[in-house]
Amino acid sequence: MSENQQASANIGVVGLAVMGSNLARNLASREGNTVAVFNRSRYRTDELVSAHPEAQFVPAFSYEEFAASLSTPRTAIIMVQAGKGTDAVIDELLAVFEPGDIIVDGGNANFHDTIEREARIRETGIHFVGTGISGGEEGALNGPSIMPGGSVRSYETLGPILESIAARAEDGTACVTHVGTDGAGHFVKMVHNGIEYADMQLIAEAYALIRRGTGKTPAEIAEVFSVWNQGELSSYLIEITAEVLRQVDAETELPLVDVILDQAGAKGTGAWTVQNALDLGVPVTGIAEAVFARSLSSAAGQRSAAKGLAGPSAVAVDDADAFIEDVRQALFASKIVAYSQGFDEIVAGAAKYGWDVKKGEIARIWRAGCIIRAQFLDTIAKAYAAEPELPALLLAPYFREHLESAQDAWRRVVIQAAGQGIPAPAFSSSLAYYDGLRSDRLPAALVQGQRDFFGAHTYKRVDKPGTFHTLWSGDRTEVAQEPSTH
């Protein structure tokens, strides 16, 4: 064992691709941290150590050396590809770690896998902590938003380390909190990513509406977004949207946005958000439409074949400034819906899996470092502080007021989009959700009647208790159903 490996590191990182190496550098830059590093391919370890001597990394070239370099309780953060790669590293660490040590999975793991891994690893006496980390490469290096799950005991050791590297909000608080047990951290990160999908889609729809409705160039629309970024829409995504729209392609001298192929990629977390929302019975329509919009954009063959389908002729709006203001209000209203739906899923997931997730704390740690960081997350945190059991985020006074004041503009934008043939699924579905939520009576009554007709699924009545079935194939009398004894 070399002199370096005899030095006691308080934290280690396994997996030194861009995210892992940036996270290791972030850890090493904070007072009190000494960082051990290991990668399956030795050259990555050598490159990182030689490129950043100031970090004083403790390199290891086997799992045994890695474990020996860590002070107890040993704490290691895994930053490798989710799935089999993660399981392979876990198995290697289990062979060299001891009870009381901590394994942290910082990748975008499926929270179901995290629940299974935590239960299995717990039997060895080793702590397993599924941790959501948001902020991309820049966040990993300079301060991400961190969402750790796992046991309370493991957080006693891990918490101060994570707080040392987390992003700091304007009030100086670290954007990290113990989310809950087992898979809670990865679940909340999954929902974060789902909200991110919705936010990005809404911004893209706003851009398309302004461009096709007013004829403004991408550079001119960039200025619109820059102005929006000074107000209630202030956020990282609005900020970078302006930067993207300003960019000119060096080769063609066209706006870069016009050169990029209009087929959006996805890595799965948005789909996971929707799939789990379906399992939980939570409508996340804005997120779902954002996921489906990416799928549609990538259906190149179908889109090519459908180019001849009829549609309305594009007509410029009469008052461009008024229309842009309508789009701004519609964007903010739809954004509120997306966040409200996302927090609904967090509430439902916490109830199902037994997590004590504090909604206000989640909003607090999303205020800096993460992709969806935005000015109004402060308002969300305050809303849950004022009313922890808020039935829905959009019912908080601030958001309710904004939705009600924006609804006329919101409706005009959706009507304009439909009339012009401009696809705006996230705007439209968000408005439909708002209208559905506020309705005194929904057509679900007819759906229940249909279900009872073809499948004897029964229904309840508004005027008396009990469950009923109409004898549709008989004399059509109504009969009360006996409560099930099973």
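Visitor: Is Arg211 buried, partly exposed or exposed?
Guide: Arg211 counts as partly exposed, because its relative accessibility is 25% and the buried class ends at under 20%. Keep in mind that this is a predicted model.
Visitor: What does Arg211 form a salt bridge with?
Guide: With Asp258; the closest N and O atoms are 2.7 Å apart. That pair links distant parts of the chain, with Arg211 in helix H9 and Asp258 in helix H12 (residues 256-259), 47 residues apart.
Visitor: And how accessible is Asp258?
Guide: Asp258 has a relative accessible area of 39%, so it is partly exposed.
Visitor: How many salt bridges turn up in the whole structure?
Guide: The search finds 26.
Visitor: Which residues are linked in a network of them?
Guide: Asp87, Asp91, Asp105, Glu116, Arg117 and Arg120 are linked that way.
Visitor: What about Glu361, which residue is its salt-bridge partner?
Guide: That's Arg364, with 2.9 Å between the closest N and O atoms. Helix H17 (residues 359-365) holds both of them, 3 residues apart, about one turn of the helix.
Visitor: Changing topic: which residues does UniProt list for "active site"?
Guide: The UniProt entry, which is unreviewed, lists Lys189 and Glu196.
Visitor: Where is Lys189?
Guide: In helix H9 (residues 184-214). Lys189 is buried, at 5% relative accessibility.
Visitor: What does Lys189 touch?
Guide: Leaving out residues up to four places away in sequence, Lys189 touches Asn108, Gly132, Ile133, Ser134 and Met147. With Asn108 there is also a side-chain to side-chain polar contact of 2.8 Å.
Visitor: And Glu196, which helix is it found in?
Guide: Glu196 is found in helix H9. Its relative accessible area is 15%, so Glu196 is buried.
Visitor: What is Glu196 in contact with?
Guide: Apart from neighbours within four places in sequence, Glu196 is in contact with Ile371 and Ile372.
Visitor: OK, on to the strands. What order do they have in the open sheet?
Guide: The sheet has 7 strands in the order E3-E2-E1-E4-E5-E6-E7, and the pairing is mixed. At the edges are strand E3 (58-59) and strand E7 (145-148), each pairing on one side only.
Visitor: How does E2 pair with E3, parallel or antiparallel?
Guide: Strand E2 (residues 35-38) and E3 pair in the parallel sense, over 2 bridges.
Visitor: Which residue in E3 is the bridge partner of Ala36?
Guide: Val58 is the bridge partner of Ala36 there.
Visitor: Remind me, what do strands of a sheet pair through?
Guide: Backbone hydrogen bonds, in either a parallel or an antiparallel arrangement.

Note on methods
Residues numbered from 1 in each chain as written. Predicted model: local features only at pLDDT ≥ 70, side-chain atom pairs only at ≥ 80, totals over all residues. Heavy atoms only, no water. Pairing = 2+ DSSP bridges. Helix = DSSP H or I, 4+ residues; strand = E, 2+ residues; numbered from the N terminus. UniProt positions renumbered as here; feature names shortened; annotations may be inferred. Buried < 20%, exposed > 50% of the residue type's maximum accessible area, 1.4 Å probe, protein only. Contact = heavy atoms within 4.5 Å. Polar contact = N/O pair within 3.5 Å; in protein donor to acceptor, adjacent residues only side chain to side chain. Salt bridge = Lys/Arg side-chain N within 4 Å of Asp/Glu carboxyl O.
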